[in-house]
Every structure is written in structure tokens, then in C-alpha cells.
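Please keep the sequence and the 3D view at hand while reading.

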Amino acid sequence: MSVASHIAELKRKHENLSTAVEVAQRSPATSDLEIAEMKKQKLKIKEEITRLSN
């Protein structure tokens, strides 16, 4: 897998997590802990994208 395709895949995962966080924040059944975990995953993915882009 090339670096560019890996970055594209990471960006897709980041976008999917963004959507999931938005939905979870509107759902009273989702705990704050679950939302925090998704946000941590998003941050890790964003850091990896930044690292690979440099």
C-alpha cells in the first residue's frame, strides 16, 4: 500500500469517526466515556495523517 493510499484510508476513517461522534453526542444512550474514546481514536488518526504527510 502506498503512503498516499494509506493517508486516504486514514482520512476516510477519520471522517467516519467524526460522523459517529456527532450521532453519539445526539443520542442519550451513548455514554460520555464512549464519546471520549471515539475522540481519542480520531486524534490518533489525525496525528498519524500529519506524521505521514510530512
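The expected span of a helix is 1.5 Å times one less than its number of residues, where helices (H or I, at least four residues) and strands (E, at least two) are DSSP runs, numbered from the N terminus. By that rule the 24 residues of helix H1 (residues 3-26) should span 34 Å, and the distance of 35 Å between its end C-alpha atoms agrees.

This is a predicted model, in which local features need pLDDT of at least 70 and side-chain atom pairs count only at pLDDT 80 or more, while totals for chains, interfaces and linings use all residues. Residues are numbered from 1 along each chain as its sequence is written, and side-chain values use heavy atoms, with hydrogens and water left out.

**Overall form**

- The chain has two helices and zero strands.
- The chain is more spread out than a compact globule, because its radius of gyration is 13 Å, well over the 10 Å that the globule rule gives for 54 residues. The radius is taken over C-alpha atoms, and the globule rule is 2.2 Å times the number of residues to the power 0.38.
- Along the principal axes, the C-alpha atoms of the chain fill a box of roughly 40 × 15 × 15 Å.

**Surface and charge**

- The accessible surface of the chain comes to about 4200 Å², and 56% of this belongs to carbon and sulfur atoms. Accessible areas come from the Shrake-Rupley method with a 1.4 Å probe, and for residues only the protein chains shown count as cover.
- Of the 54 residues in the chain, 20% count as buried. Buried means under 20% relative accessible area, exposed means over 50%, and partly exposed lies in between (1.4 Å probe, protein chains only).
- The chain carries 10 positive and 8 negative side chains, and the centres of the two sets lie 4 Å apart. Lys and Arg count as positive and Asp and Glu as negative, whereas His and the chain ends are not counted. The place of each charge is taken as NZ of Lys, CZ of Arg, CG of Asp or CD of Glu.

**How the helices pack**

- The buried residues of H1 are Ile 7, Leu 10, His 14, Leu 17, Ser 18, Val 21 and Ala 24.
- These buried residues of H1 pack against helix H2 (32-53).
- An α-helix has 3.6 residues a turn, so residues three or four places apart point the same way.
- Among contacts (heavy atoms within 4.5 Å) between residues at least 6 apart in sequence, 63% join residues at least 24 apart.

**Residues in helix H1**

- His 14 lies in helix H1 and counts as buried, at 19% relative accessibility. Not counting residues up to four places away in sequence, His 14 touches Lys 42, Ile 45 and Lys 46.
- Ser 18, also found in helix H1, is buried with a relative accessible area of 13%. Ser 18 and Lys 39 are 21 residues apart in sequence and 8.1 Å apart in space, C-alpha to C-alpha.
- Lys 11, in helix H1, is partly exposed with a relative accessible area of 49%. From C-alpha to C-alpha, Lys 11 and Lys 40 are 15 Å apart in space, and they are 29 residues apart in sequence.

**Residues in helix H2 and after it**

- Lys 42 lies in helix H2. Leaving out residues up to four places away in sequence, Lys 42 touches His 14, Leu 17, Ser 18 and Val 21.
- Asn 54 is found in the segment after H2 and counts as exposed, at 80% relative accessibility. The C-alpha atoms of Asn 54 and His 6 are separated by 14 Å, with the two residues 48 apart along the chain.
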